[in-house]
Amino acid sequence: MLKKLLVTIPVIVVGLLALLLLAGCGEEKKVEQPQLQDLANMSTSTEDGLNQRLDDLKKMEMTVEMVEDGKSSGKWTQKDNNWRRDDANDKTSYMIYNDQQKKTWVVNGDTAIESSGTDNSGTSFNPATMLSAFAYLPSTNRSGDTWEFNMPGSGKLTIEFKGPEGLPSLMTEEDTSGKKTVTEFKYTNVGNVPASMFELPSSVKVMSGNSNGTSTIMVPPGGTGTSSSSMMNP
């Protein structure tokens, strides 16, 4: 359902803008201007409020696990522009970006593919990025740490901000038929993420791709050199 909502939201935003434009044309004024203005103000207010919460989430040093209807979709860890994404289905598969070294490692078992330079590819797994898609929805109700958002044609979204420092803790998506999808945000290591989380274990061999289809295996720190392998790139 989440993917469907991410597709629906931009359509809602475009529709809202279209209504505002029509309201400004004398011959097409089918909706009263005050109603549209109230909706626009509500959307702006929601965007500012939710985006502020998400900015706090992006800056916080922590690990957060997203659990949808009881099933984990993985863990996201961040600290000082470093990030790590752990696969929910395979504990030996994960992705690390070390901002100090400007290196990214995609690890599978005891081998890793390494790339250099700034890497933002993992941000799609960041809960703050995912939640930002809802920042343009008009809120229908705010009661303390529980906010409700209207999704025209799709249903209702409720977000609870009961996590550390008021961060999102629970998101409930309810479609027009009443079916609900519940996503929990479980936080650990808040304010205390070990630097080792963004370092490659010494037991992992690093592979870099070559144009001839082979790979070079570089012995990790503590090793004695490099060797060539005929293994194909994953």
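How accessible is Lys102, and does this residue count as buried, exposed or partly exposed? Lys102 counts as partly exposed, because its relative accessibility is 34%, which falls between the 20% limit for buried and the 50% limit for exposed residues. The legends below describe a predicted model.

**Figure 1. Overview of the predicted chain.** The chain has 234 residues, and 37% of them count as buried. Its secondary structure is made up of three helices and 14 strands. Among contacts with a separation of 6 or more, 42% are between residues 24 or more positions apart. The accessible surface amounts to about 12,900 Å², and carbon and sulfur atoms account for 51% of this area.

**Figure 2. Lys102 in the loop between strands E4 and E5.** Strand E4 covers residues 93–98 and strand E5 covers residues 103–108, with Lys102 in the loop between the two. The phi angle of Lys102 is positive, at about 55°, although Lys102 is not a glycine. With a relative accessibility of 34%, Lys102 is partly exposed.

Figure 3. Thr104 counts as buried because its relative accessible area is 2%, under the limit of 20%. The side chain of Thr104 makes a polar contact of 2.9 Å with the side chain of Asp119. Leaving out residues up to four places away in sequence, Thr104 touches Met95, Ile96, Tyr97, Ile113, Glu114, Ser115 and Asp119.

Figure 4. A polar contact of 2.9 Å links the side chain of Thr63 to that of Thr77.

Figure 5. At least two lining residues come from each of helix H2 (33–59), strand E2 (71–79) and strand E3 (82–86). Strand E2 contributes the most, with three residues. Sorted by class, the lining has eight polar, seven charged and four nonpolar residues.

**Figure 6. Asn81 in the loop between E2 and E3.** The position of Asn81 is in the loop between strands E2 and E3. Asn81 is exposed, because its relative accessible area is 60%, over the limit of 50%. The phi angle of Asn81 is near 70°, a positive value in a residue that is not glycine.

How values were computed
Residues are numbered from 1 along each chain as its sequence is written. This is a predicted model: local features need pLDDT of at least 70, side-chain atom pairs count only at pLDDT 80 or more; totals for chains, interfaces and linings use all residues. Side-chain values use heavy atoms; hydrogens and water are left out. A polar contact is a pair of N or O atoms within 3.5 Å; within protein, one must be able to donate a hydrogen and the other to accept it, and residues adjacent in sequence count only if both atoms are side-chain atoms. Helices (H or I, at least four residues) and strands (E, at least two) are DSSP runs, numbered from the N terminus. Ala, Val, Leu, Ile, Met, Phe, Trp, Tyr, Cys and Pro count as nonpolar, Asp, Glu, Lys and Arg as charged, and the others, Gly among them, as polar. Buried means under 20% relative accessible area, exposed over 50%, partly exposed in between (1.4 Å probe, protein chains only). Contact means heavy atoms within 4.5 Å. Accessible areas come from the Shrake-Rupley method with a 1.4 Å probe; for residues, only the protein chains shown count as cover.
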